[in-house]
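The stops below proceed from one selection to the next.

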Amino acid sequence: MSSQNMSLNLKIWRQKGPKAEGKLVDYRVDNVSPDMSFLEMIDVLNEQLVRKGEDTIAFDHDCREGICGMCSMTIDGKAHGGFKNTTTCQVHMRLYKNGDTIVIEPFRAMAFPIVKDLTVDRGAIDKVMIAGGYISANTGNAPDANAMLIPKPIADEAMDAAACIGCGACVASCPNGSGMLFMGAKISQLALLPQGKAEAPKRALNMVQVHDSLNFGNCTTHAECEATCPKGISIEHIARMNREYMKAAFTYYEKKNAGGGV
Amino acid sequence: MTINLDPKTPQGDLKDKWDKHKFESKLVNPANKRKFTVIVVGTGLAGGSAAASLAELGYNVLSFCIQDSPRRAHSIAAQGGINAAKNYPNDGDSVKRLFYDTIKGGDYRAREANVYRLAQVSNNIIDQMVSQGVPFAREYGGYLDNRSFGGSQVSRTFYARGQTGQQLLLGAYSGMMKMVSKGKIKIYNRREMMDLVNINGKARGIIVRNLITGELERYAADAVLLCTGGYGNVFYLSTNAMTSNASAAWRCYKRGAAFANPCFTQIHPTCIPVHGDYQSKLTLMSESLRNDGRVWVPKKQNDTRKPAEIPDEERDYYLERVYPSFGNLAPRDVSSRQAKYRYDEGKGVGPTKQAVYLDFRDAIKREGKDTIAGRYGNLFEMYERITGYNPYETPMMIYPAVHYTMGGLWVDYNLQSTVPGLHVLGEANFSDHGANRLGASALMQGLADGYFVIPNTLSNYLASTPLEKVTIEDNAFKDAEQAVKLQTSKLLGVKGKRTVDDFHKALGLIMWNHVGMSRNETGLKQAIADIRKLREDFWKDVNVPGEEGNFNLELHKASRVADFIELGELMALDALERKESCGGHFREEYQTPDGEAQRDDENFAHAAVWEYTGTNSSPIRHKEELKFEFVKLATRSYK
């Protein structure tokens, strides 16, 4: 590994609150080690700001190992920086060189209003999940785990979809600000598994309806989401979601006042 | 004040205790459940599963999380798997064996009845998670697959690639979302618990800070469940998430909840080594890697050759050498200590020498690259992203790092703390792992507590306790809120020169050097003196810019670090008073001739339970004697 430390020019979006006007502010950070993570580089900058008595740059982050989905940031115009299968917290400074200028903005999407600086409100993701991103299996109901056989390829495909970390990069990278990838991944995961089939039609209808009522756009198959997704989730799951939705739209019928049920 | 440390362990044979207890517990009538409100702080595996289950039963649940969504709690980062005594591989597992392995793995410092119950409900957890759609790994026949973990000779670990924690947490989260849609759970995100409110000696509410607006908010309930995780971030560098903190638990301690075994911390053997002083956290490489990876160092000191240039006969596969029957799957505490010995002997590798190799060369030769990629692909990718090295071609470098805390708030068999109504679940309590936790058991415990234990024990509390009506206008709420405000203005008022992180790093260094993998009397006394000095300096010289009424991240960190400093002192004190070695607590004065931990069962077969007595007075050390009726105390050997 090179131990050549770098100096970098940063242009960072600063915005005091949801309603305030924001702007890009120039900062310079010296002595950046190539082994640092991107967020550690921001930590160093924030320490400098504290020492000067200035307000630090607000950004979301937590696990710093690419799994919690809390970190966001648009780096040089791309959600999470546009590196393959990588969240912002897993971007390392060895990907940059001395003298580089890096533009850092929040995730940009209608559905994710800015809270402060680089922090956005992604509550809309939870709202879509509340609409049906689950299997109604109350605690205590479950039969033996091996009572239901699930072929390995199905389990593997469900796992591919389930790997979504709910970071919202798909939304931020989509020209339409669509949430179809994260939603499609959940609908697809649960529709693939036998346990999830009982509620599959209702789930697809409800989730899509709530998604559309929030500030998300529709999918027009740009596939920017797939290219940006830090977990490599494929737009095939959007296709499966569409099939589930179509099927349900034509066939789902719930008798009123009959205690529900399909 | 005297505290009651009756563990309330049911009488009878080990295997009947839980059934008997459930039968004898009072129930809340289904129609009456909706009259009760329960606060659940934290949305990890323990908090998420508790919130979902209690809401399903009909209670009104108020759920609080520090992140922007409940799905982000740090349980999500667990990689390797979750244990259960299913015995699907037909390799001799049973509830009794899981119980025994856990008691032994914890070096006989956990309560028998609690651990047995944990093993009993472990199988229900797997059933429950599968029915919620958790895509566990499967074999071609469609059956669930298992793998091995440290400290056990059977394959009882269920897994979902290297993302088991994530998948289980999303399972619990989806259960919560279902109950949110039914109006039974209200979620309060980006909230941090600042204090516990007791009224008439019972936990009746909490004060939280809204992290976005900076405002303090009050919430009242009939019971409070604390599911806020462990305190590994006392060490500054750990595998915990950045917001993982001890403040909620610490403030409950100050409100009368006794703290048990604070010195029992787990240092995980397979983490990516530290590479610089700007480092903000450490990353774990799952223990499951030790199923196929072989741990070694060069036999020669200061060997600077590349690993591939060192022939086999000049390598010391020290875990296989010292522990032939468990080999690379020796438990965490033992493996970590052995890595430290190699470093002490001058055989460490890499630029800082604080590393050992974890080598997949032989496994790749034996099974092929594709098979190994299928098992650990995402972990290998993660390793390469962080370090720039490709583990298919060159061995990983690993070193121990702080990972988990077995100590926590004291709870009885019902998971109730010494404050009536305050129940503590998951890593935040002390109950099941003794002095060392086995791999893949944290997920099991969090979910056992939340799904299967608390729904039963909480109903008994609610049905048998007179609960007066309280409102957030009660004086206890006003006083608690006032105390938080006072502390906030104190922090903002210091206007010193050193940053919060500066203090946190200084604390971490003291803890790692003296209260880490290896401890001794002189070092611990030094640590206590240094921490006291640090605490004084903190309140004189900390620099917290900004004001209270907004999204002030430095202020959030400052109040957590103030608590970490106090907790650090208690950890050192507890380590000093425990004059034996057991599990993760290794006192250099107490070791066998070959360097293994030497327990003192005559004097220390107890949980040390600390009672808070005031900011400037010493806490009181109480004991809960551990009675072993069903297992024989033996020297723990993995040879």
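In which sense do strand E3 (residues 74-75) of chain A and E5(A) pair, and over how many bridges? They pair in the antiparallel sense, over two bridges. Here helices (H or I, at least four residues) and strands (E, at least two) are DSSP runs numbered from the N terminus, and two strands pair if DSSP finds at least two bridges between them.

The model is a predicted one, in which local features need pLDDT of at least 70 and side-chain atom pairs count only at pLDDT 80 or more, while totals for chains, interfaces and linings use all residues. Residues are numbered from 1 along each chain as its sequence is written, and chains are lettered from A and ligands numbered from 1 in the order in which they are written.

**Chain A: strands and domains**

Remain at E5(A) and select Ile75(A), whose bridge partner in E5(A) is Ile104(A). Within E5(A), Val103(A) stands opposite Lys11(A).

Now colour chain A by domain: domain 1 covers 6-116 and domain 2 covers 122-251, with bounds from an automatic or database domain assignment. The centres of domain 1 and domain 2 of chain A, taken over C-alpha atoms, are separated by 29 Å. In the contact between them, 19 residues of domain 1 of chain A meet 19 residues of domain 2 of chain A; two residues are in contact if their C-beta atoms, placed from the backbone, lie within 7 Å.

**The contact of the two chains**

Display both chains. Their contact takes 67 residues from chain A and 63 residues from chain B. On the side of chain B that touches chain A, at least two residues each come from helices H3 (45-57), H5 (112-131), H6 (164-181), H11 (369-387) and H16 (553-577) of chain B. H6(B) gives the most to this side of chain B, with nine residues.

**Chain B: a helix pair**

Select H3(B) together with helix H12 (residues 442-464) of chain B. Their axes come within 8 Å and cross at roughly 30°; axes are lines fitted to C-alpha atoms, for helices over the stretch in contact, and angles run from 0 to 180 degrees between N-to-C directions. H3(B) is therefore roughly parallel to H12(B), a term for angles under 35 degrees. Among the residues that meet here are Leu54(B) and Leu57(B) in H3(B), and Ile454(B) and Leu458(B) in H12(B).

**Chain B: a five-stranded sheet**

Turn to the open sheet of five strands in chain B, which has the order E5-E2-E1-E9-E17 with parallel pairing. Strand E5 (185-188) and strand E17 (422-424) of chain B stand at the edges with a single partner strand each, so one side of each has no neighbour in the sheet. Neighbouring strands of this sheet are turned by 20° against each other on average, direction ignored. H3(B) packs on the sheet, touching strand E1 (37-41), strand E2 (60-64), E5 and E9 of chain B, and its direction makes about 165° with that of E1(B). Val224(B) has Leu422(B) as its bridge partner in E17(B).

**Chain B: domains**

Finally, select domain 1 (269-402) and domain 2 (475-616) of chain B. The C-alpha centres of these two domains of chain B lie 31 Å apart. Their contact takes six residues from domain 1 of chain B and six residues from domain 2 of chain B.

How values were computed:
Angles under 35 degrees count as roughly parallel, over 145 as roughly antiparallel, 65 to 115 as roughly perpendicular and the rest as oblique.
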